[in-house]
Amino acid sequence: MTFDTTIDRKGTHCVKWDMMETFYGVPPETGLAMWVADMEFRPPQAVQRALERMLAHGIYGYFGDDRAYLEAIRWWMDSRHGWQVDPSHIFTTHGLVNGTALCIDAFTAPGDGVVLMTPVYHAFARTIRAAGRTVVECRLALADGRYEMDFDAWDAQMTGGERMLILCSPHNPGGRVWTAAELRATADFCRRHDLILVSDEIHHDLVFPGHKHMVMPKAAPGIADRLVMLTAATKTFNIAGAHTGNVIIADPALRKRFADRMMAMGISPNSFGMHMVTAAYSPEGAAWVDELMCYLDGNRRLLDAGLNAIPGVRSMALEATYLAWVDFAGTGMTQAEILDRVQRQAQIAPNHGETFGAGGEGFLRLNLAAPRAQVAEAVNRLQRAFADLQ
Ligand SMILES: Cc1ncc(COP(=O)(O)O)c(C=O)c1O
């Protein structure tokens, strides 16, 4: 298989294609699903073989002995990110939304403020609110078409009722790879305001050539006493349905609180996810990700060139992630008019910017992790839908 192969996912209980008519009124037969953050690609063969071995054995009992799994994570973080993780610091949750929810539960109390740099991944705010905590939106500043942190404004915004900051690194949406200085400034901000820092680094492998992600423990080693790291192989290898993610905590007191919540909730791993991640975090998996990023780089260039040619439309220059963040505000159209053109005329299902919080208005998020022909088709449709502007 190459990344150019189109794989029909319709009718497979795939949320991205099988629910888009329900949520967007875009039928899968004619539409292009560009919302949910999973890819249209099969994972590396190593992952497929791991599942085939499970299938051939045919017994799906409880998982035990996680040494190979932990060693695979240790190897991956060391060889890809230069980070030496102590395997005894790793908890396995049912993905990172689950990991985030457990952190909120373990480290904050009802009514506490949880700080987000918005616009940001929508599930953070949903989870915080559902847990009865308060979302504190700190707006990212837009400078020359890219997001920047604004600590002077955010210092003034803090009331003392905040307990946690959830950082998205690299940033979804907007695709920023935060610099070491920005990461250190985030850590300093958390210390100044006595916040637990939850660093969600699920996109850390999806970085474009020319950019380098730095894991928070390397950027700010002094923050270990209040740091919770969230990592996963699921976004990297397109195995999100495995619902397997890691919460990594170096501080013993925080680790004990988290372990108690895991126990209280009865959380233990899903064996399919454990086998898939162990197989993915391998030299074969590493080579696959390198190829993937070159392919996605081509998609990103195609989409940016096509959309930036439409007057008033600007696609943010991605440094990481396969999620294009496109600003339609310059068209001067209302949200309803933009959605009519994108969803009804172009038959494309995007994520709506305002669901990412303050600052997301006027944007749409488009997933470009698809065969190039699909991305080209999306560009053509959008150019036609906005042809009167050109
Ligand atoms: C920043 C971020 N965190 C978490 C998730 C989802 O994690 P999971 O599928 O492990 O719950 C996503 C999915 O897009 C994401 O962008």
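A salt bridge is counted here where a side-chain nitrogen of Lys or Arg lies within 4 Å of a carboxyl oxygen of Asp or Glu. The structure is a predicted model, in which local features need pLDDT of at least 70 and side-chain atom pairs count only at pLDDT 80 or more, while totals for chains, interfaces and linings use all residues. Residues are numbered from 1 along each chain as its sequence is written, and side-chain values use heavy atoms, with hydrogens and water left out.

The chain is divided into domain 1 (15–44 + 285–389) and domain 2 (60–281), with bounds that come from an automatic or database domain assignment. Taken over C-alpha atoms, the centres of domain 1 and domain 2 are 25 Å apart. Contact (heavy atoms within 4.5 Å) involves 35 residues of domain 1 and 34 residues of domain 2. The size of an interface is often given as the accessible area lost when the parts come together. Between domain 1 and domain 2 the buried area (accessible area, 1.4 Å probe, that two parts lose on being put together, summed over both) is about 2900 Å², and carbon and sulfur atoms give 61% of it.

Three salt bridges are counted between domain 1 and domain 2. R80 forms a salt bridge with D290, with 2.8 Å between the closest N and O atoms. Polar contacts are pairs of N or O atoms within 3.5 Å; within protein, one atom must be able to donate a hydrogen and the other to accept it, and residues adjacent in sequence count only if both atoms are side-chain atoms. By this rule, 16 residue pairs (both at pLDDT 80 or more) are in polar contact across the interface of domain 1 and domain 2. On the side of domain 1 that touches domain 2, at least two residues come from each of α13 (283–308), β12 (323–327) and β15 (363–367); helices (H or I, at least four residues) and strands (E, at least two) are DSSP runs, numbered from the N terminus. The most is given by α13, with ten residues.

The ligand is surrounded by residues including A37, Y121, C168, H203 and K235, where near means that a heavy atom of the residue lies within 4 Å. A polar backbone atom of L96 is 2.7 Å from an oxygen atom of the ligand. For N172, an N or O atom in the side chain is 2.8 Å from a ligand oxygen atom. A nitrogen atom of the ligand lies 2.6 Å from a polar side-chain atom of D200.

The salt-bridge count comes to 25. D78 and R74 form a salt bridge, their closest N and O atoms being 3.9 Å apart. These two residues, D78 and R74, are separated by about one helical turn because they are four residues apart in helix α4 (residues 67–81).
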